[in-house]
Structure formats: C-alpha cells, structure tokens
Amino acid sequence: QVQLVESGGGLVQAGGSLRLSCAASGRTLLSYAMGWFRQAPGKEREFIAAISWSGGSTSHANPVKGRFTISRDNAKDTVYLQMNSLKPEDTAVYYCAAVHRAKIVAVTTAAQVYDYWGQGTQVTVSS
C-alpha cells in the first residue's frame with residue numbers, strides 16, 4: 001500500500017508560481033510511475049503530467065506545456081509539479097497518483113490505470 005500526500009497548494013495571482021509536492025509513505029516510490037491530475041468544479045478529472053519511475057520519461061498535457069514541469073526525487077520519495085505562469089483556468093484540486101511500473105510502458109495519461117491517489121491540494125489562481 002502506498003500513501004500519497006500532496007502539499008504546496010494555495011492562492012496565487014495570475015502569472016505567479018507554485019510548486020506542488022507529493023510525498024509517499026508505506027513504500028518507496030522507486031517502483032512507481034507517477035502522475036498529476038486536476039479537477040475543477042463541475043469538470044472531469046484531467047491529466048496534467050506524468051513521469052516514469054526513473055524520471056527518464058515525462059509527459060505533459062497540452063494546456064500546461066511550457067508552464068508546468070513534473071520531476072521526482074526518488075531518494076526523498078517525492079514527486080513535484082512546478083507550476084509557472086499560472087492562469088485562472090488552472091484553478092482546481094490537484095491530485096498525485098502512482099502506478100506500478102510493471103503495469104505500463106514508461107508513463108500513462110489514463111487515470112483509470114493508476115492504483116493509488118492522494119487526497120488532493122487546492123490551487124486557486126486569481127485574475
């Protein structure tokens with residue numbers, strides 16, 4: 001069992017930056033590919049970014065390419081989402097998720113494939 005806890009959310013003005021963290025406990029994240037998703041009120045959960053277990057492969061959704069960057073520090077069992085040039089439309093609850101590397105090839109954007117989820121952290125971007 002992997003427990004995931006997100007942190008780093010908050011209120012920021014448009015154009016600002018935040019860095020989200022996702023810390024794991026229970027098991028090392030070394031065997032898991034990781035993803036970030038978000039869900040805004042009244043909308044479906046949306047893929048944001050994913051990273052392979054080694055960090056060698058990443059994927060970012062088109063709306064955030066060039067603004068958001070996913071990374072990981074396996075020594076700290078932590079995954080990060082650096083968010084720059086934030087826009088009001090980035091307002092959502094952000095979730096991290098983990099999937100065992102044996103189930104996928106490098107990374108996946110499909111929420112239904114992920115096995116473990118955090119509780120989410122709220123990001124609010126004011127205009």
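Here is a short chat about this predicted model.

Me: What should I know about the ground rules, and which atoms do side-chain values use?
Reply: It's a predicted model, so local features need pLDDT of at least 70 and side-chain atom pairs count only at pLDDT 80 or more, while totals for chains, interfaces and linings use all residues. Residues are numbered from 1 along each chain as its sequence is written, and with hydrogens and water left out, side-chain values use heavy atoms.

Me: How many helices and strands does the protein have?
Reply: Helices here are DSSP runs of H or I with at least four residues, and strands are runs of E with at least two, numbered from the N terminus. From that end on, the elements run β-β-β-β-β-β-β-β-β-β-β. The tally is zero helices and eleven strands.

Me: What radius of gyration does the protein have, next to that of a compact globule?
Reply: The C-alpha trace spans about 40 × 25 × 25 Å along its principal axes. The radius is taken over C-alpha atoms, and the globule rule is 2.2 Å times the number of residues to the power 0.38. For 127 residues that rule gives a value near 14 Å, which agrees with the protein's 13 Å.

Me: Among contacts between residues at least 6 apart in sequence, what percentage join residues at least 24 apart?
Reply: Contact means heavy atoms within 4.5 Å. Among those contacts, the share joining residues at least 24 apart is 60%.

Me: Which cysteines form a disulfide?
Reply: A disulfide is a covalent bond between the sulfur atoms of two cysteines; the test used is a pair of cysteine sulfur atoms within 2.5 Å. Searching the whole structure turns up one. With sulfur atoms 2.0 Å apart, the partners are cysteine 22 and cysteine 96.

Me: Where do cysteine 22 and cysteine 96 sit in the chain?
Reply: Their link is right-handed, with 55 degrees about the S-S bond. The pair links distant parts of the chain, 74 residues apart: cysteine 22 is in strand β3 (residues 18-25) and cysteine 96 in strand β9 (residues 92-100).

Me: Is serine 21 buried or exposed?
Reply: Serine 21 lies in strand β3, and leaving aside neighbours within four places in sequence, its contacts include Trp36 and Tyr80. Buried means under 20% relative accessible area, exposed over 50%, and partly exposed in between, with a 1.4 Å probe and protein chains only. Serine 21 has a relative accessible area of 16%, so it counts as buried.
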